[in-house]
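The following questions and answers examine a single protein chain, with the sequence and the model to hand.

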Amino acid sequence: MQLFKIEKAKEADLPRILEIYARARQFMRETGNGGQWGDSFPPKELLADDIKKERLYVVKEENAIHGVFFFLIGADPTYKKIEQGGWLSDEEYGTLHRVASDGEAHGIFDAIVSFAWQQIRHLRMDTHENNKVMQHVIKKNGFRECGIIYTDDGTQRIAYEKM
């Protein structure tokens, strides 16, 4: 198993983070999920804000950044309303968003979930119905499908929870 180091992203990491998200968008298009992030999500301004608020993390292997994700413990407004199901618990949880990797190192998502699980043993996340690759790794990591949530722009996502 590869050893990854996870740390809070720094402003100096932003160029590499943008490269990783560009590669992730390309991979999503190639695997039938071109609509979830389009051509420009997440925007640089959002990422810079998340770095300042210490909510964006990078996954490193031997000082090279291979992955990036948003992580926050506390209520996420996106998850307030869920349809076609329900959450397993209303207790405090950690949220994972905008998970991406450059595709050059394997086990990034497993490392991210392990890191978050060490912080809090109640996690939530979501993904697009066309993101079959992410759905697979989410379920492989012990998350259960709980229903449908809607993002700020009104698009629906499959919601997952792990306890």
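Q: In which loop is the place of P42?
A: This is a predicted model, and the peptide bond that leads from F41 to P42 is cis, with omega near -5 degrees. Most peptide bonds are trans. As for its position, P42 belongs to the loop between α1 and α2.

Q: What distance should the 17 residues of helix α1 span at 1.5 Å a residue, and how far apart are its end C-alpha atoms?
A: Helix α1 covers residues 14-30. The expected span is 1.5 Å times one less than the number of residues, which gives 24 Å for α1. The end C-alpha atoms of α1 agree with this, being separated by 24 Å.

Q: How wide an arc around the axis do the buried residues of α1 cover?
A: The buried residues of α1 are L14, I17, I20, Y21, A24, R25 and M28. An α-helix has 3.6 residues a turn, so residues three or four places apart point the same way.

Q: Which exposed residues does α1 carry on the face turned away from its buried side?
A: The buried residues of α1 pack against α2 (44-52), β2, β3 and β4. The face turned away from that buried side carries two exposed residues, namely P15 and E30.

Q: Which residue of β2 is the bridge partner of K8?
A: Strands β1 and β2 run antiparallel and are joined by four bridges. In this pairing, the residue of β2 that partners K8 is Y57.

Q: Which residue in the hairpin of β6 and β7 takes a positive phi?
A: The two strands run antiparallel, with six bridges joining them, and I149 has R157 in β7 as its bridge partner. Five residues lie between the strands of the hairpin. The positive phi, near 90 degrees, belongs to G154.

Q: Which element gives the largest share of the largest nonpolar core?
A: This core has 34 residues, and those touching the most other members are F69, F71, L96, F109, L123, M125 and F143. Elements giving two or more residues to the core include β3 (64-73), β4, α3 and β5 (123-127). Eight residues, the largest share, come from α3.

Q: Is R98 buried or exposed?
A: R98 is found in strand β4 and has a positive phi of about 50 degrees although it is not a glycine. Most residues other than glycine have a negative phi. Buried means under 20% relative accessible area. With a value of 14%, R98 is therefore buried.

Q: What does E54 count as at 48% relative accessibility?
A: E54 lies in the loop between α2 and β2, and its phi is positive, near 60 degrees. The cut-offs are under 20% for buried and over 50% for exposed. At 48%, E54 therefore counts as partly exposed.

Q: What is the separation of the C-alpha atoms of A105 and E30?
A: A105 is located in the loop between β4 (94-101) and α3, and it is buried, with a relative accessible area of 6%. A105 and E30 are 75 residues apart along the chain. Their C-alpha atoms are separated by 18 Å.

Technical notes
Residues are numbered from 1 along each chain as its sequence is written. This is a predicted model: local features need pLDDT of at least 70, side-chain atom pairs count only at pLDDT 80 or more; totals for chains, interfaces and linings use all residues. Side-chain values use heavy atoms; hydrogens and water are left out. Buried means under 20% relative accessible area, exposed over 50%, partly exposed in between (1.4 Å probe, protein chains only). A nonpolar core is a set of buried Ala, Val, Leu, Ile, Met, Phe, Trp, Tyr and Cys residues joined through side-chain atoms within 4.5 Å. Contact means heavy atoms within 4.5 Å. Two strands pair if DSSP finds at least two bridges between them.
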